[in-house]
Amino acid sequence: MTEPAGLVNDEERADDRIERRHLQVIGVLLVASFVVILNETVMSIAIPVLQVELGVHPSVGQWLTTAFMLTMAVIIPLTGYLIQRIPTRTLFVLAMSLFTAGTLIAFAAPGFGVLLFARVVQASGTALMLPLLMTTIMTLVPPARRGAMMGNISIVIAVAPALGPTLSGFILDHFGWRWIFGFVAPIALVTLVLGARFVVSVSETTKAGVDILSIPLAVLGFGGLVYGLVSIGESAQDSATIPVVVPFLIGAVALSGFLGRQFRLQREDRALLDLRVFGYRQFSISVVAMLVGMATMMGTFIIVPYFAQSVIYLDPFETGLITLPGGLLMGLAGPIVGRVYDRRGPLVLVIPGSILVSAGVWMLTTVNTSTSLWWLLLSNMALCLGLSATFTPLMTSGLGSVAAHLYAHGSAVVGTFQQVAGAAGTALFVTVMTVVASRSGHPHDSPEAIAEGVRMVFLVAGILSFVLIAACAFVRKPANPVDHAHTASVDAPAQGI
């Protein structure tokens with residue numbers, strides 16, 4: 001017998017509802033994510049200032065960003081295990097405590113070494129927070145509402161990167177670099193207190209083992225490869241302490257061992273990073289596209305502020321304003337992107353989005369010593385709008401395509417590979433800029449030499465953007481969202497949050 005249409009619609013709407021306590025958990029996690037993302041972007045403006053005040057070369061100073069992302073890449077593989085083993089509230093408190101402690105250490109840091117250590121401590125907390133947010137959303141939000149939820153989330157997440165550089169520039173102009181951390185610290189403390197009060201554990205935990213040998217293999221594998229990229233830039237300035245080939249060799253061997261071990265352990269459900277998620281075609285395609293996009297984005301967000309301050313001599317506040325319109329535009333577009341994804345799928349978004357990313361990058365291949373602030377603003381707006389139309393559909397489609405019992409590992413894989421791509425992109429772009437500037441025929445730190453290096457950076461980024469467009473052409477919406485919704489409702493308690 002056929003169900004009355006009204007009854008079916010009521011049941012569908014009931015299935016799509018999100019419980020109030022679950023919305024509360026997601027809300028607190030969003031606030032925490034805003035804080036940690038704000039912290040990550042404020043450093044892009046501060047690095048040139050810190051290089052001068054602390055007396056370090058750009059290839060060394062960029063480790064304040066690279067080490068942050070690399071630490072996240074090393075720790076995020078553990079989050080699949082931690083999310084299964086530790087209750088939500090406990091894991092949240094641990095993450096925000098680490099982040100807050102790192103922020104306070106950075107505020108009091110007497111020199112570069114302690115500041116770098118503080119960034120690693122901060123990154124340890126950030127690494128726990130972001131996969132916790134994504135896994136919670138994938139478990140608690142029905143498939144029919146995930147696009148809209150991701151779109152709304154992008155409002156919060158986009159405002160932080162947009163506000164960070166502008167805030168950083170204002171603080172640097174008026175108070176000095178320490179107060180970047182002094183501003184973030186009380187916000188982090190308040191968020192920690194709110195989370196301890198309002199975050200609840202939304203599902204049961206399980207007893208899951210961790211493979212100890214996988215941890216050093218991950219550290220040496222990811223760390224060796226990224227350090228090798230950085231060493232190329234150092235060798236161009238005769239500042240490399242070890243031969244460039246050594247970290248590459250160590251990284252390649254360790255990473256091969258890590259991946260091989262995960263393939264063996266996942267047969268027993270003991271993998272630190274369960275690679276069975278790559279058996280889902282849409283997940284693999286989305287990850288490839290996100291990797292290229294992340295490498296391009298992070299490298300660009302580091303190089304543009306450095307160019308603005310070192311070549312066209314913008315002050316820190318003016319440099320910070322470059323990212324503000326694009327970030328606000330990204331936040332405004334977020335809800336629209338989410339609704340379009342739910343109704344029409346990802347393809348109508350990711351193709352024009354990736355083309356906009358490419359256009360923004362190719363605009364930057366024309367920069368020189370007379371480039372205007374407006375040109376940098378316009379290119380950043382194109383890049384940010386393109387990223388808004390690209391990343392949300394990629395994340396939703398990729399994670400939504402895997403089985404529910406692999407959500408935690410899917411989030412860990414995405415987070416790990418994104419951070420490695422971001423760290424590698426940053427290191428690669430700084431390396432290209434350093435090498436080209438040193439061989440330009442001008443003094444390596446002159447505006448003309450830096451501008452030549454930056455143009456080559458964005459030529460490389462432009463080529464990468466073509467790979468992004470090609471990968472996005474194969475992205476599709478998960479085929480059976482109803483089945484995924486049923487599986488999530490049955491299996492989510494076994495996964496833990």
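Student: Is tryptophan 177 buried or exposed?

Tutor: This is a predicted model, in which local features need pLDDT of at least 70 and side-chain atom pairs count only at pLDDT 80 or more, while totals for chains, interfaces and linings use all residues. Residues are numbered from 1 along each chain as its sequence is written, and side-chain values use heavy atoms, with hydrogens and water left out. Buried means under 20% relative accessible area, exposed over 50% and partly exposed in between, with a 1.4 Å probe and protein chains only. Tryptophan 177 has a relative accessible area of 7%, so this residue is buried.

Student: How many aromatic pairs does the structure hold?

Tutor: Rings of Phe, Tyr and Trp (its six-membered ring) pair if their centres lie within 6.5 Å; planes under 30 degrees apart count as stacked, over 60 as edge-to-face and the rest as tilted. The number of such pairs in the structure is five.

Student: What kind of pair do phenylalanine 107 and tryptophan 179 form?

Tutor: Their ring centres are 5.0 Å apart, and the angle between the planes is 70 degrees. Phenylalanine 107 lies in helix α5 (residues 88–108) and tryptophan 179 in helix α8 (residues 178–198), so that the pair links parts of the chain 72 residues apart; helices here are DSSP runs (H or I, at least four residues), numbered from the N terminus. The pair is edge-to-face.

Student: Is phenylalanine 107 buried, partly exposed or exposed?

Tutor: The relative accessibility of phenylalanine 107 is 28%.

Student: How many residues of α15 are buried?

Tutor: Helix α15 (residues 373–400) reaches 40 Å from its first C-alpha to its last, close to the 40 Å expected at 1.5 Å a residue; the expected span is 1.5 Å times one less than the number of residues. The helix is mostly covered, and of its 28 residues the number buried is 22.

Student: Which residues have the most contacts inside the largest nonpolar core?

Tutor: A nonpolar core is a set of buried Ala, Val, Leu, Ile, Met, Phe, Trp, Tyr and Cys residues joined through side-chain atoms within 4.5 Å. The largest has 138 residues. Those with the most contacts inside it are Phe92 and Phe458.

Technical notes:
Helices (H or I, at least four residues) and strands (E, at least two) are DSSP runs, numbered from the N terminus.
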